[in-house]
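Please consult the sequence and structure shown below while reading.

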Amino acid sequence: RTVYVNGEYLPETEAKVSIFDRGFVMGDAVYEVTAVVGGKLLDFAGHEARLARSLNEIEIENPFAEGELLAIHRELLAKNELVDGGIYLQVTRGNPGDRDFVFPDPAVVKPTVVLYTQLKPGVLQSPTGINGIRVISVPEMRWHRRDIKTVQLLYPSMAKMMAKKAGVDDAWFVEDGFVTEGSSNNTYIVKDGAIITRPLSQDLLHGITRAALLRYANEAQIKIIERPFTIAEAQAADEAFLTSASAFVTPVIEVDGAAIGAGTPGPIAKRLREIYIDEALKAGI
Ligand code: PLP
């Protein structure tokens, strides 16, 4: 692969970041993942806007000039001839030259910027996206600013491992009896034709796919209720699904061993997957 590091396009084997980089030492970094389907970037403007917000929340100066981020994405797509997959992007607070809890002076230490492509041929036909996935619930143990897309992903990784050991695909976090979100996605249930999903707050990531999907669902006159839901409600729901840039809309067919609805992808989840993919591709750039 050709990757991007601090203004340069390099073979991945030549790309380097300092051992003192705060992204490495302190997890002091934010990231984005933008899906690429048929050579098009999906929801790019949303990811660009959320990156700006995440950077602002942790007081890292946005290193990108107007239009620069899109230009880098396009250049990486072209250099790697990427058709289906995604672009991963990470901005860290940079390399202060030693380990120190105090933020370095932003006039002296500039952010580290890394972007690379990820190849996923035939991404729209993934078996999980079509057949649905099974999840377990795990206690919510992340920090309380989940609206900031930081690279501090140790607990989500542990949750994925708990799911793997339990023989299922993913984990849903539960806090005070209610689902916050999935390990790397936003979560939904469907009851009596209405979509139920947790409202935005600092408790969960403000998914770009979530925002687009709710817009499309609204246009399709599907009722949306933004409120938290429990695992018991999910188990008694007609359907469930999740959204993310990597998974688009993916049906969820089982929670904690209990089948949801018929235990197969539900009609609304399937319809929303089609609508999302159609509309996001149409709007893709
Ligand atoms: N929630 C979490 C914790 C995530 O990590 C992600 C994506 O990585 C999402 C939700 C979905 O966000 P998006 O639709 O912007 O990919």
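This is a predicted model: local features need pLDDT of at least 70, side-chain atom pairs count only at pLDDT 80 or more; totals for chains, interfaces and linings use all residues.

A crossing of two helices is called left-handed if the near helix is turned anticlockwise from the far one by less than a right angle, and right-handed if it is turned clockwise.

**Helix pair α2 and α6**

Helix α2 spans residues 44–57 and helix α6 spans residues 208–219. Their axes come within 9 Å and cross at roughly 135°. Angles over 145 degrees count as roughly antiparallel and those from 65 to 115 as roughly perpendicular; α2 and α6 are therefore oblique to each other. The crossing in which α2 passes α6 is right-handed. On the side of α2 the contact is made by Gly46, His47 and Arg50, and on the side of α6 by Ile208, Ala211 and Ala212. By class, the residues of this contact comprise three nonpolar, two polar and one charged.

**The sheet**

The six strands of an open sheet follow the order β2-β1-β6-β5-β3-β4, with antiparallel pairing. Strands β2 (8–11) and β4 (40–41) stand at the edges; each has a single partner strand, so one side of each is left without a neighbour in the sheet. The pairing of β3 (residues 29–37) with β4 is antiparallel and runs over two bridges. Within it, Val36 stands opposite Leu41 of β4.

Helix α3 (residues 68–80) lies across β1 (2–5), β2, β3, β4, β5 (85–92) and β6 (112–119). The helix runs at about 155° to β1.

The two computed angles are set out here.

| Pair of elements | Angle |
|---|---|
| α2 and α6 | roughly 135° |
| α3 and β1 | about 155° |

**The two domains**

The protein is divided into domain 1, covering residues 2–120, and domain 2, covering residues 127–283. A distance of 26 Å separates the C-alpha centres of domain 1 and domain 2. In the contact between them, 22 residues of domain 1 meet 14 residues of domain 2. On the side of domain 1 that touches domain 2, β3, α2 and β5 each supply at least two residues. Strand β3 gives the most to this side, with eight residues. This side of domain 1 consists of eight nonpolar, nine polar and five charged residues.

Definitions and conventions: Residues are numbered from 1 along each chain as its sequence is written. Two strands pair if DSSP finds at least two bridges between them. Helices (H or I, at least four residues) and strands (E, at least two) are DSSP runs, numbered from the N terminus. Two residues are in contact if their C-beta atoms, placed from the backbone, lie within 7 Å. Axes are lines fitted to C-alpha atoms, for helices over the stretch in contact, and angles run from 0 to 180 degrees between N-to-C directions. Angles under 35 degrees count as roughly parallel, over 145 as roughly antiparallel, 65 to 115 as roughly perpendicular and the rest as oblique. Ala, Val, Leu, Ile, Met, Phe, Trp, Tyr, Cys and Pro count as nonpolar, Asp, Glu, Lys and Arg as charged, and the others, Gly among them, as polar. Domain bounds come from an automatic or database domain assignment.
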